[in-house]
Amino acid sequence: MTMERRFINRVVLITGAGSGIGRATALAFAREGAQVVIADRNELGVQETAAQILKNQGSALAMTCDVTAPESVQKLFQKIESEFGALDHAFNNAGIEGPSTEITEATIASWNEVLSVNLSGVFFCMKEELRLMRLKSQGTIVNCASIAGLRGFSGMAAYTASKHGVLGLTKAAALEAARYGVRITALCPGVVKTPMIERYTKDHPDAEASLLAETPMNRMASPDEIAHAVLWLSGPESTFVTGSTLVIDGGWCAK
Ligand code: NAD
């Protein structure tokens, strides 16, 4: 199979790139020639992703950034502007699952934290991404939602609400940005084998079997299967796609 190089010299930002889906996507963009800016609040995680990219002769700028803190996000974008002067593509992927509890037991602090990372963090990043992309009248943004943006998940109210919010934010932003040439889409992965799911299944011993039973393909996605979709949504084969949601769930939502 010949390797495509669809993103040569394109500047790409990936948040939550220190682990799981974000790391796989950063590596995939770098393999296709992009200059990848990898941001995560976990410094060791982004350093490891950067090391993997550099080992494969790719280009990476590792940045520690907390997407819930507007000043941290602004610093990230100041660096992008000073290093590259532009941003071509962004994948807003940083996210947390939060505790699994019924609403009656959930704390206000955990509600605020999940909404702040998964929804406000996307909003803060999009404000800066759109400012830069608008200058060049081009660009793409992919937001990471979840099948929890389309279905209710008992015990996961904050996560479910945050991911429904990401889909609404994506649609509204896509309508605004279409007139200046920026495309904005969302992804809804089903169950993906990453540290997030490993934490969840460790805390809930029966969870893996029930997640697989709910997935018609009876397996988890690999992070690479999600990365391929992010690259497609960001690249030259999807130029009429905006405001849409791509579901990658092994059939979960077809039921
Ligand atoms: P993960 O825990 O492996 O990676 C998430 C990354 O986000 C971590 O590196 C973490 O440090 C980073 N992060 C968390 N809070 C942050 C913050 N405030 N600022 C910056 N970085 C922060 O999880 P993953 O499974 O790779 O999840 C990636 C995205 O995919 C999330 O938005 C998640 O909700 C979504 N998702 C995951 C699954 C799944 O089954 N794994 C399914 C659907 C959607």
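A residue is buried at under 20% relative accessible area, exposed at over 50%, and partly exposed in between, with a 1.4 Å probe and protein chains only. The structure is a predicted model, in which local features need pLDDT of at least 70 and side-chain atom pairs count only at pLDDT 80 or more, while totals for chains, interfaces and linings use all residues. Residues are numbered from 1 along each chain as its sequence is written, and side-chain values use heavy atoms, with hydrogens and water left out.

**Exercise 1. Describe the shell around the ligand.**

Step 1. Count the shell: 31 residues surround the ligand, and Ser19, Asp40, Tyr159, Val192 and Thr194 are the closest.

Step 2. Sort by class. Ala, Val, Leu, Ile, Met, Phe, Trp, Tyr, Cys and Pro count as nonpolar, Asp, Glu, Lys and Arg as charged, and the others, Gly among them, as polar. The shell then holds 15 nonpolar, eleven polar and five charged residues.

Step 3. Assign secondary structure. Helices (H or I, at least four residues) and strands (E, at least two) are DSSP runs, numbered from the N terminus. At least two shell residues come from each of helix 1 (20-31), helix 5 (157-177) and helix 6 (195-203). Helix 6 gives the most, with four residues.

**Exercise 2. Find polar contacts of the ligand and state how far the protein covers the ligand.**

Step 1. Set the cut-off: a polar contact is a pair of N or O atoms within 3.5 Å; within protein, one must be able to donate a hydrogen and the other to accept it, and residues adjacent in sequence count only if both atoms are side-chain atoms.

Step 2. List contacts. The side chain of Ser19 has an N or O atom 2.6 Å from a ligand oxygen. For Tyr159, the distance from a side-chain N or O atom to a ligand oxygen is 2.6 Å. Arg199 places a polar side-chain atom 2.9 Å from an oxygen atom of the ligand.

Step 3. Compute the cover. The ligand alone exposes 830 Å², of which the protein buries 95%. These areas come from the Shrake-Rupley method with a 1.4 Å probe.

**Exercise 3. Which residues other than glycine have a positive phi, and where do they lie?**

Step 1. Recall the background: most residues other than glycine have a negative phi.

Step 2. Take Ser137. Its phi is positive, at about 50°, although Ser137 is not a glycine. Ser137 belongs to the loop between helix 4 (108-136) and strand 5 (139-144). Ser137 is partly exposed because its relative accessibility is 45%.

Step 3. Take Asn218. Its phi is also positive, near 55°. Asn218 sits in the loop between helix 7 (207-214) and helix 8. With 51% relative accessibility, Asn218 counts as exposed.

**Exercise 4. Is Ser234 buried or exposed, and what does its side chain reach?**

Step 1. Locate Ser234: this residue is in helix 8 (residues 223-234).

Step 2. Apply the accessibility classes: the relative accessibility is 3%, so Ser234 counts as buried.

Step 3. Check the side chain: from Ser234 it reaches the backbone oxygen of Val230 at 2.7 Å.

How values were computed
Near = heavy atom within 4 Å.
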